[in-house]
Amino acid sequence: MASVLPDYVATAKPVPPNNRVAWYKCTAQTYASIMLWFVFWQDIPTGGGALGGTLAQGLTVAFSGLVLAALLCHFLYYLVPGLLGLKTGLPLHIVGTSTYGVRGGRLLPAFFMGLFQFAWLGINAFFVARFLCAPFYGNDPTAAAIPHALVAVAWCVLAALLGLKASRYVAKVARFLPLIPLGILLMLFVGTVDGINSFDCVQLAGAATQAAAANRLGPMPSILPIWGVVNLLVTYIIGFFAVAGAAGADLGMHNRNEDDIQLGGLVGVAGIMILTGGLSLLIVAGAFAKGLIADPNQLQTTSLMTNIVGARRANFFLYLLALTAFPGSCFSVSIAANSLKTTLPKISPILSVGTGTLASILLAVTGWAGDVLAIFSIMGACFGPICGAMAADFLLSHQKWAGPRAGFNPAGWISWAAGFVVGAANFLPGLAGQIPVPPLAAFVVGFLLYVLLAKLRLQSQVIAQPTPVNEPALTSTR
């Protein structure tokens with residue numbers, strides 16, 4: 001039976017139990033660096049352009065949406081991939097073959113995991129170039145257009161070269177860099193904390209409405225209701241995290257037991273997500289109450305630093321944030337190269353990564369990468385049903401890995417296609433705004449439809465397990 005398996009499955013070897021490490025040395029540390037990335041927390045208060053952002057209904061509502069999203073990310077999007085990695089010792093592109101088949105697994109999730117890494121690279125390049133140009137050109141996008149493009153191109157090219165050839169060396173010097181954005185957040189918090197008790201969401205919404213009316217060039221934006229704030233925060237955060245959640249298998253295979261999986265996610269995912277997102281909300285609320293926000297419709301945390309700490313220190317902070325983002329850019333290229341090598345084994349990594357880097361440059365120089373809500377929504381639409389179907393397959397297999405399935409597993413592919421349509425509803429005519437929390441809805445559709453199709457026996461046959469599963473040595477310590 002092993003002869004029918006593709007080489008990438010047949011030759012897969014699990015991480016042995018004696019090479020596993022504690023949750024704080026792997027899973028929590030890796031996820032914490034993602035949640036400390038400024039691209040995640042700087043837009044938590046903005047609300048996608050809605051008047052008053054996500055603070056329009058007050059801090060309690062905003063924090064409720066943040067905490068809900070963080071817990072959903074841990075329990076729905078990370079936990080099952082993490083457990084699959086733990087129980088098999090195998091990475092995502094292998095354990096995913098039980099859900100999508102040994103042929104289908106090359107595309108889902110392997111190809112899409114690699115593809116979206118170039119979106120991360122483009123986002124990084126866009127914002128880093130803006131940060132590096134800001135001290136010289138301020139907020140004038142016209143004057144900064146050419147320098148911004150040149151910096152973005154240089155950033156993508158350098159990250160691609162080092163990501164292909166020297167990612168291990170980058171990792172050695174990047175270990176403590178995530179502490180820098182945490183320190184910046186704490187300093188901004190100290191500079192605004194005395195205004196938090198005076199924050200009034202009604203005043204913020206009123207000021208934002210007046211400013212928008214005075215500067216209106218198009219349709220008047222609206223103030224989000226309570227449900228709208230929660231909906232937007234959960235959509236934004238799940239969309240941001242969905243790809244990283246599926247990659248939990250790649251981290252879980254290095255953990256020792258189920259306690260490591262739970263603690264790694266509760267601390268590194270939910271805990272740090274609430275910490276960074278919460279600090280961002282508090283900073284903006286305190287800054288508004290202290291009169292440090294000139295335009296109440298510009299609530300991006302990094303854009304307020306000059307008013308909080310002064311121009312010189314703010315420029316220094318921007319450069320530090322840019323520095324901390326570079327290792328992530330290199331790691332994105334490295335992950336993409338490994339994923340594409342699995343998907344397209346006959347194509348040179350130089351060619352595949354080079355093509356992907358060109359796409360990243362296009363995203364950055366056109367400004368498309370700046371629309372993070374749209375990009376995160378697409379990521380959530382794609383990986384929401386992947387995580388949902390994997391969770392269903394895991395539970396149907398009695399919380400074990402079923403093993404690789406033949407060809408293209410119909411249950412996986414049909415559930416993904418339906419879930420993707422639901423998750424991408426806001427981009428489809430007639431469906432925009434009709435489905436609440438599209439990335440979460442995509443997960444639910446992927447999960448339920450996979451269960452239904454499995455019950456209808458629309459799963460391809462399990463053909464083999466490439467290596468024994470090491471479960472006896474990986475029991476929970478609880």
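A cavity is a set of grid points where a 1.4 Å probe fits but cannot get out. This model is predicted, and the structure holds 1 cavity of 30 Å³ or more. About 40 Å³ of space lies in the largest cavity.

**The largest cavity**

- Rolling a probe the size of a water molecule over the atoms shows where empty space is left.
- The lining of the largest cavity includes L84, V95, S98 and T99.
- M390, D393, F394, S397, K400, W401 and A402 also line the largest cavity.
- Helices α6 (97-100) and α18 (372-396) each supply at least two of the lining residues.
- α18 gives the largest share of this lining, with 3 residues.
- Sorted by class, the cavity lining has 6 nonpolar, 3 polar and 2 charged residues.

**The second largest pocket**

- The second largest pocket has a volume of about 730 Å³.
- It is lined by 29 residues, and the closest to its centre are R130, A134, G138, N139 and S303.
- Four helices, α7, α8 (141-165), α15 (305-309) and α16, each supply at least two residues of the lining.
- α7 gives the most to this lining, with 7 residues.
- By class, the pocket lining has 17 nonpolar, 9 polar and 3 charged residues.

**How α7 meets α16**

- Two packed helices are described by the angle between their axes and the distance between the axes.
- The axes of α7 (residues 107-137) and α16 come within 8 Å.
- Those axes cross at roughly 160°.
- An angle over 145 degrees counts as roughly antiparallel, so α7 and α16 are roughly antiparallel to each other.
- The crossing of α7 and α16 is left-handed.
- Residues of this contact divide into 22 nonpolar, 9 polar and no charged.

**G328, a residue of α16**

- Which helix holds G328? G328 is found in α16, which spans residues 311-343.
- Is G328 buried, exposed or partly exposed? The relative accessible area of G328 is 30%.
- G328 and S33 are 295 residues apart along the chain. Their C-alpha atoms are separated by 8.7 Å.

Methods
Residues are numbered from 1 along each chain as its sequence is written. This is a predicted model: local features need pLDDT of at least 70, side-chain atom pairs count only at pLDDT 80 or more; totals for chains, interfaces and linings use all residues. Side-chain values use heavy atoms; hydrogens and water are left out. Buried means under 20% relative accessible area, exposed over 50%, partly exposed in between (1.4 Å probe, protein chains only). Axes are lines fitted to C-alpha atoms, for helices over the stretch in contact, and angles run from 0 to 180 degrees between N-to-C directions. Angles under 35 degrees count as roughly parallel, over 145 as roughly antiparallel, 65 to 115 as roughly perpendicular and the rest as oblique. A crossing is left-handed if the near helix is turned anticlockwise from the far one by less than a right angle, and right-handed if clockwise. Ala, Val, Leu, Ile, Met, Phe, Trp, Tyr, Cys and Pro count as nonpolar, Asp, Glu, Lys and Arg as charged, and the others, Gly among them, as polar. On a 1 Å grid over the protein atoms alone, a cavity is a set of points where a 1.4 Å probe fits but cannot get out, and a pocket is an open set with protein on both sides within 12 Å along at least five of seven lines; lining residues have an atom within 4 Å of a point. Grid points are joined across faces, edges and corners, and a volume is the space filled by probe spheres set on the points.
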